Amino acid sequence: MIFEPEVEMMDRDELVELQSARLREMVSRVYQRVPFMRARLDDIGVKPSDIRGVSDLWRLPITRKSDLRDTYPFGLFAKDKSDLLRIHASSGTTGKPTVVGYTSADLEVFGKVCARALAGGGAQPGMLLHNAYGYGLFTGGLGLHQGGETLGMVVVPVSTGMTERQVKLIMDFGAEVLCCTPSYALTIALEFAKQGIAPGEIPLRYALVGAEPWTETMRAEIDSRLGLRTVNIYGLSEIIGPGVSFECTEERHGSHINEDHFLAEIVDPETGALLPDGEEGVLVITTLTKEALPLIRYWTGDVTSLDRAKCSCGRTLARMAMVKGRTDDMLIVKGINVYPSQIEAAFGGVRGLSPYYRLLVDRSGTLDQLEVEAELSEEVFREVTADFLSDEIIEADQLLRQIREDAQQAIRENVGISARVTLLEPQRLPRSDGGKAQRVVDKRKVLVS
Ligand SMILES: [Zn+2]
């Protein structure tokens, strides 16, 4: 189902015209109302009248997360605080949180883009949405809540945590659609298995997951363990929250960007130069309709590529590839760029591993060392334990050696780096409350010259 076919299937020339008109209006509004941005545009000698359309986007300066922090809390807002209906903020574990605001019109857009995403993921009016995203300052919970209501769904605002209860409510209420982070979807799946409920008995039919990078390996796991179809939903609070882009169930190959509201570019992470479609770089987004916090060319830090070919679902909205990682999550080990998701993708081809892993980077002398801790799958762990119990220690040992060698070879082949793999029993790595896994521990000390 397509929630707003008149825009989601719009002719691309018409779409660019709409984007250009909205961009002109947005830039002049920001210039008038946000002194910080006016000063920045004056500095580089750009006037709002210089921006005639999308093709002039490159003239505008990049906005970064640090600009939001430097103007904390409301310095980039284009509306008075009293004109807002809601404020969200990042958790801000270090330093100042990032604060975002919404007017009534912004909230309406938020609800609609999340409704488009839910519809793209298979949801329909009347279906029951089990929303296990965190409610609170984080945009995930309330965003999809409103999206579900906008689409006409029955929303259960269960939020995250207390996994046993999640399973009970899904079964008792007959939830058909699940929303949460991909790692929490797997945590819920494990709880179903623990309670002896088979995938075929679970009423869920569709899952929309996001808010952290994930891979096709995890998709296959979630699909088979919960017996449903999983699609990606992408967003970030600075732009609006979830609903910036979403996958359709037809293709599940790239997330359709809601381009009538969010203008996307891919730029070179080093030079900032615009990259052509298909090439990988950093996603930069300009909000076209946001009233409270309009952002010009916001550097998301997410590494992806764009595809503007028409999709088999009928949508003409451009698709962005699954986010490979964030420029700030990227590790440089022995001079090689390593994204945690590459390790996960490499492990996808190794029998016996679960999608939970952790990278430990250390330095011995001047040499970087990469260790990867990987959890065994439940099945293989049971097999190994059974071997040990029946005194077939050699068989168990051989199996574990084989998995470790396969994992190390997969990393060498896929990432181009040698790493030591340590196998762990299932459930051994720490999980945070929302199931969001900590993927990297960098123990290298900064060398003082
Ligand atoms: Zn599609």
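**Exercise 1. Decide whether G174 is buried, exposed or partly exposed.**

Solution. Start with the place: G174 sits in the loop between α7 (163–173) and β5. Helices (H or I, at least four residues) and strands (E, at least two) are DSSP runs, numbered from the N terminus. Next, take the cut-offs. A residue is buried if 20 or more other C-beta atoms lie within 10 Å of its own, exposed if 12 or fewer, and partly exposed in between, with C-beta atoms placed from the backbone. G174 has 13 C-beta neighbours inside 10 Å, so G174 is partly exposed.

Two notes on the source. This is a predicted model, where local features need pLDDT of at least 70, side-chain atom pairs count only at pLDDT 80 or more, and totals for chains, interfaces and linings use all residues. Residues are numbered from 1 along each chain as its sequence is written.

**Exercise 2. Find which residues G174 contacts, leaving aside neighbours within four places in sequence.**

Solution. Contact means that the C-beta atoms of two residues, placed from the backbone, lie within 7 Å. On that test, G174 is in contact with L128 and P203. D442 is another matter: 268 residues in sequence and 43 Å in space, C-alpha to C-alpha, part it from G174.

**Exercise 3. Trace the order of the strands in the open sheet.**

Solution. Pairing requires at least two bridges found by DSSP between two strands. Nine strands then line up as β4-β3-β5-β6-β7-β8-β9-β14-β13, with mixed pairing. Now look at one pair. β6 (residues 206–210) and β7 (residues 229–236) run parallel over five bridges. There, G210 stands opposite I233 in β7.

**Exercise 4. Identify the residues with the most contacts inside the largest nonpolar core.**

Solution. A nonpolar core is a set of buried Ala, Val, Leu, Ile, Met, Phe, Trp, Tyr and Cys residues joined through C-beta atoms within 7 Å. The largest has 90 residues, and L118, L178, C179, A185, A207, A264 and I285 have the most contacts inside it. α5 gives the largest share, eight residues. Take A264: beyond its neighbours within four places in sequence, its contacts include I257, L283 and I285. A second, separate core has 24 residues, among them Y339 and F347.

**Exercise 5. Work out how domain 1 and domain 2 meet.**

Solution. Bounds come from an automatic or database domain assignment. They give domain 1 (1–327) and domain 2 (331–442). The domain centres, taken over C-alpha atoms, are 31 Å apart. Across the boundary, 17 residues of domain 1 contact 14 residues of domain 2. α8 (182–194) and α9 (216–226) each supply at least two residues of the domain 1 side.
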